[in-house]
Amino acid sequence: MNGTGNNDVLTSTQIVIEDALRKLGYGDDMIELLKEPMRVLTVRFPVRMDDGKTRIFVGYRAQHNDAVGPTKGGVRFHPDVNENEVKALSIWMSLKCGIADLPYGGGKGGIICDPRKMSFRELERLSRGYVRAISQIVGPTKDIPAPDVMTNAQIMAWMMDEYSRIREFDSPAFITGKPLVLGGSLGRESATARGVAIMVDEALNRKNIPIQNARVVIQGFGNAGSYLAHFMHQAGAKVIGISDVNGALYNEDGLDVEYLMERRDSFGTVTNLFRDTITNDELLKLDCDILVPAAIENQITSENAADIKAKIIVEAANGPTTLEATKIVTDRGILLVPDVLASGGGVIVSYFEWVQNNQGYYWSEQEVDTKLREMMVRGFNQVYELHRRRNVDMRLAAYMVGVRKMAEAARLRGWI
Ligand code: NAD
């Protein structure tokens, strides 16, 4: 994915934001305010590598808007990180927080790097260097980072430790997605998938399809995709296809999900262990009830949207369906549960973690799950109801629900 071209995620996000704000009755000033982040910091910082040489890394932190409260969102480590992508991701975080009614605006960060080619200690120095570089604009009541693509609980632990040293007091609420012993929340690791599974339930209900033996296809077998496969299997659905960056596996009688979970590596790859594979493109076109893109952006496009056979698409990934493809699948009667609604489980449980850190009181997994379900279902109902009442597609309805509290907060603060 790159930040330019037809499928530029920032441009398409801005098109829908503008549409949503106009439908809500706001004018050009509000659109100007909310179509770009209020702050984007670019940092260049040195990291000592294992061979003794110093490398300069480039990172970003985008803060979309803080009218509702501090900004919140993950940090991505990936070679393709770029400013436009980080900006778009920060806007999506605002929308996710708005739909879930969290007291946050959206933020997002990223470092241009390839963690697969770095040692454990190099990753530690990179993580600490990034926190030193952005420390002025982040904090438990300003902007709270979390994990995203190719970052994990260990990286959150180093970042929390570095921030605590800079501030000279222990600051667990600075960052979420931490290991349990450092103030992490039960249920955080599988929260995104848990939330997606709840959205699958709701969508199946609306389509009157029972979950028992429903055929599920999942693109991507990392944090989001693999846990989702596990939850779907547990619920009695049949996972007939999964994939990773190298290819896809298909079995019309259902794959052995637990075996695949055991054999996947920490980057979510597993298909290289099998000889009989199909391509990712073939996977997306499989005959199934539910298709869940859980890998990367721009997978369902005007090229393949007419060939999708699923009855329901639930977007676990951020931005997997282009705007043209959204129209094609919606016109074909496929129920699409958009990313800003479907993948909100991660930030919701991150919010629970922050609340627990601030209280110094920790909840059971059952409590986390119950509250997560409540918030996800409320979000789904609001979006679905608006989609029906205003006759807009599910993505536009989700943007309208997601942006309205922020716009109202900005207006009441007297900014517009
Ligand atoms: P991950 O890095 O753990 O896994 C990514 C998976 O996608 C891997 O199986 C990888 O092999 C596969 N993949 C990568 N490139 C691919 C390609 N070109 N074609 C097919 N498969 C490919 O990432 P994750 O945390 O599971 O995130 C997946 C998506 O979900 C991302 O869009 C992410 O932004 C979104 N998301 C994740 C979370 C979370 O909490 N993990 C929360 C919200 C949204």
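**View 1. Helix α6 is largely enclosed by the rest of the structure, since 12 of its 16 residues are buried.** Keep in mind that this is a predicted model. The buried set is made up of A191, T192, A193, G195, V196, A197, I198, M199, V200, E202, A203 and L204. As for length, 16 residues at 1.5 Å each should span 22 Å, and the end C-alpha atoms of α6 sit 23 Å apart, which agrees. Just past the helix comes N208, with a positive phi of about 55 degrees.

**View 2. Zooming in on T192, a residue of helix α6 (residues 191–206).** T192 has a relative accessibility of 16%, so it counts as buried, the cut-off being under 20%. What does T192 touch, leaving aside residues up to four places away in sequence? Its contacts are A224, S343, G345 and G346.

**View 3. Helix α1 (residues 9–23) packs on helix α14 (residues 394–412).** Two numbers describe a helix pair like this: the angle between the axes and the distance between them. Here the angle is about 70 degrees and the axes are 9 Å apart.

Methods
Residues numbered from 1 in each chain as written. Predicted model: local features only at pLDDT ≥ 70, side-chain atom pairs only at ≥ 80, totals over all residues. Heavy atoms only, no water. Helix = DSSP H or I, 4+ residues; strand = E, 2+ residues; numbered from the N terminus. Buried < 20%, exposed > 50% of the residue type's maximum accessible area, 1.4 Å probe, protein only. Contact = heavy atoms within 4.5 Å. Axes fitted to C-alpha atoms, helices over the stretch in contact; angles between N-to-C directions. Expected span 1.5 Å × (residues − 1).
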